[in-house]
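Please keep the structure open while going through them.

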Amino acid sequence: MIEGLGPDEARVFMRLALLDAARQLRQQLVAQAALAGNGCEPVPADWAGISPSAPQTPNTTRPSPPRTTDAPTPVPSAPNPAAEARRAIVGDVKKSAPRARPNATPNQASTLDAFSQLARDAGPGPSAQIPESERPKSMAEVRTLLGDCTRCKLHQGRTNIVFGVGDPTSDLMFIGEGPGADEDQAGVPFVGKAGQLLTRIIGAMERTRDDVYVANIVKCRPPGNRDPEPDEVASCEPFLTKQILVVQPKVIVTLGRVATQALLRIRTPITRMRGHWQDYRGIPVMPTLHPAYLLRHPPAKRAVWQDVQEVMKRLQSDQQGA
Ligand code: URA
């Protein structure tokens, strides 16, 4: 017997409680599998051991707070099955307030809402095809268009614009979130600790940084390594789009939540997106976890290794079909 409930109500209560427990268990298993990369091959030895405590090239720049990139979003608190059961049986006396969207911290929620606002307001979205006439002739042309950019507030704190690096005719492009302190100093993307891990990941793909193209969603460092804000993303987006139009990669790899959500203008958590092919204007996109996240959560490297193997397979089959 459940206090306060008749036999029919108690049966419904038990069923709802079981369903709820099963749903929570499933959510946990999906998140764990996403991060562990179940069933995939071991991570290549040369990037398995990289960790924040591993010796690195001396870093003379000011330490920054770690990025929040890819931190698993908090699991929402369990709904009260008794209340749900009662509501199912006797109806709701008061209209219940809309439930807060799960999987988003307040900061992420407002960023994501603003991203979806962008999706409505901004220029052509990820599914729009850009006319050939709008394709820039070269990366140098895009760099000239960007100029000494002051289009958003990030220019105030930057040391250097971090435009992009690598082969502008590569079949493979990596897109990160935005420069950190090291990149801001160097004017080159992914040169800090996370960048060194990315370089090893690229090496494990039997590539070098020189034969892929690496860029970021925003080209100036957000202060304190915070997420770029929607207006900053919107100001930079046309230049990233042009860079992609120049490179015309066969595959884009987005690194982490911010890059994935901003490029694709979606709000799906990265733990659900990673490893699943997406599309950006006809170009296959493989979302994966950010190397900075891997530094803090080394077991997640297996998931990334699984994702980049998918990318290698796709590039190989493209080459064979070409
Ligand atoms: N993280 C990024 O997302 N981009 C960089 O260039 C460096 C760190």
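1. A word on the source. This is a predicted model, in which local features need pLDDT of at least 70 and side-chain atom pairs count only at pLDDT 80 or more, while totals for chains, interfaces and linings use all residues. Residues are numbered from 1 along each chain as its sequence is written, and side-chain values use heavy atoms, with hydrogens and water left out.

2. The overall picture. The protein chain has twelve helices and six strands; these are DSSP runs numbered from the N terminus, helices (H or I) of at least four residues and strands (E) of at least two. Of its 322 residues, 45% are buried, where buried means under 20% relative accessible area, exposed over 50%, and partly exposed in between (1.4 Å probe, protein chains only). The accessible surface of the chain is about 16,500 Å², and carbon and sulfur atoms supply 55% of it. Areas come from the Shrake-Rupley method with a 1.4 Å probe, and for residues only the protein chains shown count as cover.

3. Contacts along the chain. A contact means heavy atoms within 4.5 Å. Among contacts in the protein chain with a separation of 6 or more, 78% join residues 24 or more positions apart. A separate pair to look at is Thr199 and Trp47, which are 152 residues apart in sequence, yet their C-alpha atoms are 9.2 Å apart in space. Thr199 belongs to helix H7 (residues 193-204).

4. The side chain of Asn216 places an N or O atom 2.8 Å from a nitrogen atom of the ligand. The side chain of His290 has an N or O atom 2.9 Å from an oxygen atom of the ligand. Taken alone the ligand exposes 240 Å², and the protein buries 97% of that.

5. Two residues with positive phi. Phe190 is not a glycine, but its phi is positive, about 50°. Phe190 sits in the loop between helix H6 (181-186) and H7, and counts as buried because its relative accessible area is 7%. Gln248, also not a glycine, has a positive phi of about 50°. Gln248 lies in the loop between H8 and strand S4 (251-255). Is Gln248 buried or partly exposed? Its relative accessible area is 45%, so Gln248 is partly exposed.

6. A glutamine inside. Gln243, in helix H8 (residues 230-247), counts as buried because its relative accessibility is 0%. Not counting residues up to four places away in sequence, Gln243 touches Met139, Val142, Phe163, Gly164, Met173, Tyr213, Ala215 and Lys219.

Terms used. Polar contact = N/O pair within 3.5 Å; in protein donor to acceptor, adjacent residues only side chain to side chain.
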